[in-house]
Amino acid sequence: MNPYRLETPFVVSFSGGSTSGFMLRKILDAFDGKLPEDGEVIFNNTGLEHEKTLDFVREVEERWCPVTWLEFQPETRFKVVDYETASREGEPFTAMIDWRGYLPTPVARICTVNLKIRCAAAYLLNKGVEEWNNAMGLRYDEPHRVHRMKGDRKAETTVCPMYEAKHTLKDVDEFWEGQPFQLGIPRWMGNCCGCFLKSRGRIEKV
């Protein structure tokens, strides 16, 4: 069985990175190049994404399939945006800090939880989706992350098709070498320009 042919309804958590982009392409290929009716691709914009990440997401939706762009807001926990209206000055992050009243830490990663996980869940529940599979771009060479992600929420079942297919970073790099477009930022930089998990030196380089 092809691990990329996900059981519906499903969501593809597209971070805007090359690994999750690879996963998305494999999922599309498993469905003959088109998302099924009960499949959706979600990109959560924190407002601190690198501009080239936003360009990459737009390229994906123009070339491959529709992408739902979401941002956190305190009132409804989510709002739908697009490339043109997406925040670029950290507005969702700032709103989340004001709402929660404290900054994220390595132990309490409230940015990931609220800006991505709960934001996407609020959107899906608002649409009337009660249970769904959530495809995460975690590779076979990241087993520690895979085991940590499973069984996270009641309505959501985390699936890791890249892990099941035994695809590694080498597969990801080889795939993108043959594509007509690229992410365009070095891997060490990551998508979030202000991530507190980076060293000060790396943040200043962004």
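# Reading the folds, cores and rings of a predicted protein

Modeller: From the N terminus on, the elements run β-α-β-α-β-β-α-α-β-α-β-α-α-α, where helices (H or I, at least four residues) and strands (E, at least two) are DSSP runs numbered from the N terminus. This is a predicted model, in which local features need pLDDT of at least 70 and side-chain atom pairs count only at pLDDT 80 or more, while totals for chains, interfaces and linings use all residues. Residues are numbered from 1 along each chain as its sequence is written, and side-chain values use heavy atoms, with hydrogens and water left out.

Biologist: How many helices and strands does the protein have, and what percentage of its residues count as buried?

Modeller: The protein has eight helices and six strands. A residue is called buried under 20% relative accessible area, exposed over 50% and partly exposed in between, with a 1.4 Å probe and protein chains only; by that rule, 45% of the 206 residues are buried. Accessible areas come from the Shrake-Rupley method with a 1.4 Å probe, and for residues only the protein chains shown count as cover. The protein exposes about 11,000 Å², of which carbon and sulfur atoms supply 49%.

Biologist: What share of the contacts joins residues 24 or more positions apart?

Modeller: A contact means heavy atoms within 4.5 Å. Among contacts in the protein with a separation of 6 or more, residues 24 or more positions apart account for 67%.

Biologist: How should I read a nonpolar core, and which residues have the most contacts inside the largest one?

Modeller: A nonpolar core is a set of buried Ala, Val, Leu, Ile, Met, Phe, Trp, Tyr and Cys residues joined through side-chain atoms within 4.5 Å. The largest one here has 34 residues, and Ile27, Trp64 and Trp69 have the most contacts inside it. Strand 1 (10-13), helix 1 (18-30), strand 2, helix 2 and helix 7 (169-177) each supply at least two residues of this core, with helix 1 giving the most, six residues. Apart from this core lies another, of 11 residues, among them Val11, Phe78, Cys119 and Ala122.

Biologist: Which residues does Ile27 contact, leaving aside its neighbours within four places in sequence?

Modeller: Ile27, which is found in helix 1, is in contact with Tyr4, Leu6, Phe10, Val12 and Ala135 once those neighbours are left aside. Ile27 and Ala135 are 108 residues apart in sequence, yet their C-alpha atoms are 9.4 Å apart in space. Ile27 counts as buried because its relative accessible area is 0%.

Biologist: How is a pair of aromatic rings described?

Modeller: A pair of aromatic rings is described by the distance of the centres and the angle of the planes. Rings of Phe, Tyr and Trp (its six-membered ring) pair if their centres lie within 6.5 Å, and planes under 30 degrees apart count as stacked, over 60 as edge-to-face and the rest as tilted. The structure holds 15 such pairs. In one of them, the rings of Phe43 and Trp69 have centres 5.1 Å apart and planes at 80°, so the pair is edge-to-face. This pair links distant parts of the chain, with Phe43 in strand 2 (residues 39-44) and Trp69 in strand 3, 26 residues apart. Phe43 is buried, with a relative accessible area of 0%, and Trp69 is buried as well, at 1%. The rings of Trp176 and Phe181 have centres 5.5 Å apart and planes at 80°, so that pair is edge-to-face, and both Trp176 and Phe181 are buried.

Biologist: Which residues form an aromatic cluster with Trp64, and which residue has its charged end over the ring of Trp64?

Modeller: Phe14, Phe22, Phe56, Trp64, Phe175, Trp176 and Phe181 form one aromatic cluster. A charge sits over a ring if NZ of Lys or CZ of Arg is within 6 Å of the ring centre and within 35 degrees of the ring normal. The charged end of Arg25 sits over the ring of Trp64, 5.0 Å from its centre, and that of Arg58 sits over the ring of Tyr83, 3.8 Å from its centre.

Biologist: How many disulfides does a search of the whole structure find, and is Cys65 buried or exposed?

Modeller: A disulfide is a pair of cysteine sulfur atoms within 2.5 Å, and the search finds zero of them. Cys65, in the loop between helix 2 (51-63) and strand 3 (68-71), is buried, with a relative accessible area of 5%. Not counting residues up to four places away in sequence, Cys65 touches Leu24, Leu28, Leu35, Val41 and Val60.
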